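The sequence and the structure are shown first.

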Amino acid sequence: MLSEWKMTLLLLIVWFPCVVAKTNIILFIADDLGYGDIGCYGNHSVRTPNIDSIASDGIKMTQHLAAASLCTPSRSALLTGRYPVRTGMASPVMMRVIAWASSSCGLPSSEITFAEQTKKAGYMNGLFGKWHLGIHKQRLGDFEHHPLKQGFDYFYGPIYSNLGDFGGESRIITGLMPGWYGKLFSIWAVTAVALLCLFREDYFGAIPFIVFILIWSVPLALVYLLFENFTLLNSFVYRNYDLVEQPVRFAGLSQRLVNEGLDFIQNATNSGKPFLLVMSWVHTHTFLTTSKQFEGRSKFGRYGEALEELDWSVGQILKSVKEFGIDDNTLVYFTSDHGGHLEEGTEGGFNGILKGGKSHGASDGAIRVPGLIKWPRVLEKGKVTDEPTSLMDIYNLVSSVAGVSLPADRHIDGRDILPLLKGGVLVSPHDFLFHYCGNILHAARYRPRDGIKTWKLVTREPDYIPGTTVCQFTCNCNTDVLATPKLYDITVDPGETTPIDSHSKNYKEITPIILKAMGIHKNSIEPAETEFTLRKLAPNLTWQPCCNGTFPFNCYCTDPKYPE
């Protein structure tokens, strides 16, 4: 019979590995996916069984909110746990995303991402898919904004974005061509005529006239070069620091991302290290294209096909986690960076009863997104929380799961939602959530500490086409402040259809509370150098990535790992 101390030692030997084994973390980020696009959020006309399984095996958050209604700022907030206005990622100009891959705009290296947090705890970190947070900062090749400089050990994917300009019917950037051509040609023509008149009156000779015409022709030629070659200039795949494909073959890209993710899981598991895997899918952003196996499968056309391929992709990763026997010790999260793009019509997402969509600032259809979490050995199955939560909270959650303290030298806007997810508390950790359009505060949410109601006060609205809830293509942030802010009871009016009467008791009690909180929040914002100056947003052709040499010569290549 074993002595008492030997029995204790034996129990410790068996029990200790279970205690120290760190939880693996998988984050799925869809692109432009609408709140009402998937089955577990009420859409029974599409097939999303794999995504829905995360909800049935875990928790569904019905009031999960992005910090911005466009890709670049929303993703920066997810990675840093901070409102974009604190990090320089909230734009003061019309362009609110990185529009050119060769620009110097990007997530500042001074920010601490959740990947840098998990790296402190010995995690292996991989990001596969869309980045859209910049590449270079000071010079070609410095990669200061690259994922590998932001805490990730491995990266594979389109470092810019997926746009309709790359082959679809939608034209986001190149759709501006006619306007730019017209403006620049008008300036050129007026200048040329004026100079010709001065030349004929002998104000100067032929050589100065020709020089002036050539100088004024340069901007027109540059704009033509940029727009006519937009795909080549912005569509490429990186493997770590190596440019391996230009332009991107989007058909089959989901399968390649899945393969890279599966290889990463296998390598991490074999190494014995815990891992952080971020699968940043390109679906369902236009341009919409899928592999042949998904073509023609959905009655909703290309959007439905992309949605089904997205669901299949999620399923492949979930399946591998079970096959490796690590399901119980893996936290899985699924979300979208913001709401569906209504202006895309049938090729944009469906936001259900919510008002507005992508780019619409503070409208709930713009920022309210699917939010699903499963963690088998910690969270109960099939639970739902209607409490306000934020994508920024994932920063805190990832840090907590990894056992790493939050940075003490900066304001973190995310909150600890684990007690809420576990059911230990029933009220959101957020008293207030603030909703921006660019760098302008448009609205705020208030969750009192008692009762069940969530209130939303809107002080500015998008510049919708009269009689609609859509903009021309993207909404303008710098709209007029409402003379009388609109207060909504989001608990019973999630579609923001019926503002509370401004003479009512609720309006008079709640509105001053929210306005005061908005003022306090504004005063808490320390000045941050914006990444969205015209100089930083502008393309720099001397920094232009080119896979086979120096731009513009022979910048075409196919990833040798996936030749077909």
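The model is predicted: local features need pLDDT of at least 70, side-chain atom pairs count only at pLDDT 80 or more, and totals for chains, interfaces and linings use all residues. Residues are numbered from 1 along each chain as its sequence is written, and side-chain values use heavy atoms, with hydrogens and water left out.

**Overall form**

- The secondary structure of the protein amounts to 15 helices and 14 strands; these are DSSP runs numbered from the N terminus, with helices being H or I of at least four residues and strands being E of at least two.
- For 564 residues, a compact globule would have a radius of gyration near 24 Å, and the 25 Å of the protein agrees with this. The radius is taken over C-alpha atoms, and the globule rule is 2.2 Å times the number of residues to the power 0.38.
- Along the principal axes, the C-alpha atoms of the protein fill a box of roughly 115 × 65 × 50 Å.
- Of the 564 residues in the protein, 57% are buried. Buried means under 20% relative accessible area, exposed means over 50%, and partly exposed lies in between (1.4 Å probe, protein chains only).

**Aromatic contacts**

- Rings of Phe, Tyr and Trp (its six-membered ring) pair if their centres lie within 6.5 Å; planes under 30 degrees apart count as stacked, over 60 as edge-to-face and the rest as tilted.
- The ring centres of Tyr83 and Phe434 are 6.3 Å apart and the planes stand at 65°, so this pair is edge-to-face.
- Because Tyr83 lies in the loop between helix 3 (71-80) and helix 4 (84-87) while Phe434 lies in strand 11 (residues 432-437), the pair ties together parts that are 351 residues apart in sequence. Both Tyr83 and Phe434 are buried.
- Trp100 and Phe230 form an edge-to-face aromatic pair, at 5.1 Å centre to centre with 75° between the planes.
- Trp100 is in the loop between helix 4 and helix 5 (114-120) and Phe230 is in helix 8 (residues 230-234), so their pair ties together parts that are 130 residues apart in sequence.
- Trp100 is buried at a relative accessible area of 10%, and Phe230 also counts as buried, at 2% relative accessibility.
- One aromatic cluster is formed by Trp100, Tyr160, Phe166, Phe230, Phe250 and Phe287.
- The C-alpha atom of Trp100 is separated by 10.0 Å from that of Ser235, which is 135 residues apart from Trp100 along the chain.
- Lys60 lies over the face of Tyr41, at 5.2 Å from the ring centre. A charge sits over a ring if NZ of Lys or CZ of Arg is within 6 Å of the ring centre and within 35 degrees of the ring normal.

**The second largest pocket**

- The second largest pocket holds about 350 Å³ of space. On a 1 Å grid over the protein atoms alone, a pocket is an open set of points where a 1.4 Å probe fits, with protein on both sides within 12 Å along at least five of seven lines. Grid points are joined across faces, edges and corners, and the volume is the space filled by probe spheres set on the points.
- Its lining comprises 18 residues, and Arg82, Arg86, Thr87, Glu111 and Ala528 lie nearest the centre; lining residues have an atom within 4 Å of a point.
- By class, the lining has 10 charged, five polar and three nonpolar residues. Asp, Glu, Lys and Arg count as charged; Ala, Val, Leu, Ile, Met, Phe, Trp, Tyr, Cys and Pro as nonpolar; and the others, Gly among them, as polar.

**Helix 12**

- Helix 12 (residues 393-402) is largely enclosed by the rest of the structure, because nine of its 10 residues are buried.
- Among the buried residues of helix 12 are Asp393, Tyr395 and Asn396.

**Backbone geometry**

- Most residues other than glycine have a negative phi, and most peptide bonds are trans.
- His283 and Thr284 are joined by a cis peptide bond with omega of about 15°; Thr284 is in the loop between strand 7 (275-280) and helix 10 (301-323).
- Thr286 and Phe287 are likewise joined by a cis peptide bond, with omega of about 25°, and Phe287 is found in the loop between strand 7 and helix 10.
- Phe143 has a positive phi, near 50°, and lies in the loop between strand 3 (124-129) and strand 4 (154-158). At 14% relative accessibility, Phe143 counts as buried.
- Asn240 has a positive phi of about 55° and lies in the loop between strand 5 (237-239) and strand 6 (242-245). At 24% relative accessibility, Asn240 counts as partly exposed.
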